[in-house]
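I opened the model and kept notes as I went. Each entry records what I looked up and what came back.

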Amino acid sequence: MMKFGLHSAILPGMTFEEFIDYAAQVGFECAEICCWPVGKAIRRYAGITHIDINNSDNDKLLYYKKYAEDKGVDIAILGYYPNPLDPDQMEVAVAHINKLIDAAATMNVNKISTFIGRDKTKCVEENLDIYEKVWTPIVKHAEDAGVKIGIENCPMLYTKDEWPGGNNLACAPYIWRQMFERIPSDNLGLSYDPSHPYLLHGDEVKPVYDFADKIFHVHFKDIKIYPEKLYEYGVFAYPTLWHSPKLPGMGGVNFAGLISALNDIHYEGSAVIEVEDKAFENCVEDVKKGIEQSYRFLRQYL
């Protein structure tokens, strides 16, 4: 059965140890750990560093793994979500992704979660050409290291500054198919988040069946679409005007159908709660209430 866990991004003020202690206390079996380079965040829920791989030798990396194991929490995947296809970010992002692959191998975690990225000024076809050039050596490095790369399917197209094309190419099934055709590798797959196809007015359950062998990791996140705002602004307006992220069960994602589908395909990987609900962000205690409410809601299906 799949392992139920928590994404560390929602608790940026905690140390690694504090986060693991809390995850264990709630009852989570695994965790996704944020491993951004230390520095200023480029957006909400980004720039979060619970493991600083740039300043951790092998002994320190193994310490993190053992600390979590001793608390009964599996570090299921290491996360970092930059834009490796943006010319201004490419060099730093690619270098850190490669370091993350090495860290995952050292820790015997053997999975990372990230974005493909996108040059938002170029069309899909142009971006696929750039993707093939940039990502072929990254995937080869992951293959050599025995590490799987899960690409999150977030469009990163929410606000004015992310238009016209968004900051992550891997947002729809027809693009995933071309990605996997251009770089055919057992080490390249998806970190699947059902809230993103729901946002795009697609089917959030069908991809589980269509890409069963490519789902390496799952994010449990929900969103709420406001019909009156969608009416006012239209679907071509940037989505922050007509939707908001919500705790699982508080939006429109069909979690019963999603988890049933994951069981149908015998998914045995990790599935982590990703909380981005502004209604539960006034203080750390509110964040914890949101996490624990999400835990109770999803436990009924797991």
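**Entry 1: M156**

I started with M156, which is buried at a relative accessible area of 7%. The model is a predicted one, and I read every value below with that in mind. M156 sits in the loop between β5 and α5. Its phi is near 50°, a positive value in a residue other than glycine. I noted this because most residues other than glycine have a negative phi.

The peptide bond joining W163 and P164 is cis, with omega about 15°. Most peptide bonds are trans.

Next I looked up N108, in the loop between α3 and β4. N108 is not a glycine, yet its phi is positive, about 60°. Is N108 buried or exposed? I found a relative accessible area of 53%, so N108 counts as exposed, the cut-off being over 50%.

**Entry 2: second largest pocket**

I then asked for the second largest pocket and got a volume of about 320 Å³. It is lined by 17 residues, and those closest to its centre are L157, W163, L200, V235 and P239. W163 is also the residue joined to P164 by the cis bond. Which classes make up the lining of this pocket? I read off 13 nonpolar, three polar and one charged residues.

**Entry 3: W242**

I moved to W242, in the loop between α8 (227–233) and β9 (243–246). W242 has 2% relative accessibility and therefore counts as buried. I listed its contacts, leaving out residues up to four places away in sequence: L199, H201, K224, I225, Y226, K229, L230, G234, V235 and A237. V235 is on the list of residues closest to the pocket centre as well. I also checked W242 against Y231, 11 residues apart along the chain; their C-alpha atoms are separated by 8.7 Å.

**Entry 4: helix α4**

Where is the kink in α4? I found it at W135, about 40°, shortly before the proline P137. W135 is buried, as are V124, N127, L128, Y131, V134, I138, V139 and A142. I looked for what the buried residues pack against and got α3 (90–106), β4 (111–114), β5 (148–152), α5 (173–182) and β6 (188–192). Just after α4, G146 takes a positive phi of about 75°.

**Entry 5: F216 in β7**

I picked F216, found in strand β7. Its relative accessibility is 5%, so F216 counts as buried. F216 and I149 are 67 residues apart in sequence, but 7.8 Å apart C-alpha to C-alpha. I149 is in contact with F216, and the other contacts include K111, K148, G150, D186, L188, L190, Y267 and S270.

**Entry 6: helix α10**

I noted its buried residues: D286, V287, K288, G290, I291, S294, Y295 and L298. Their cover includes β1 (3–7), α1 (16–26), β7 (215–220), α9 (255–264) and β10 (270–273). That brings back β7, the strand that holds F216.

Note on methods. Residues are numbered from 1 along each chain as its sequence is written. This is a predicted model: local features need pLDDT of at least 70, side-chain atom pairs count only at pLDDT 80 or more; totals for chains, interfaces and linings use all residues. Side-chain values use heavy atoms; hydrogens and water are left out. On a 1 Å grid over the protein atoms alone, a cavity is a set of points where a 1.4 Å probe fits but cannot get out, and a pocket is an open set with protein on both sides within 12 Å along at least five of seven lines; lining residues have an atom within 4 Å of a point. Grid points are joined across faces, edges and corners, and a volume is the space filled by probe spheres set on the points. Ala, Val, Leu, Ile, Met, Phe, Trp, Tyr, Cys and Pro count as nonpolar, Asp, Glu, Lys and Arg as charged, and the others, Gly among them, as polar. The bend at a residue is the angle between axes fitted to the seven residues ending there and the seven starting there. Helices (H or I, at least four residues) and strands (E, at least two) are DSSP runs, numbered from the N terminus. Buried means under 20% relative accessible area, exposed over 50%, partly exposed in between (1.4 Å probe, protein chains only). Contact means heavy atoms within 4.5 Å.
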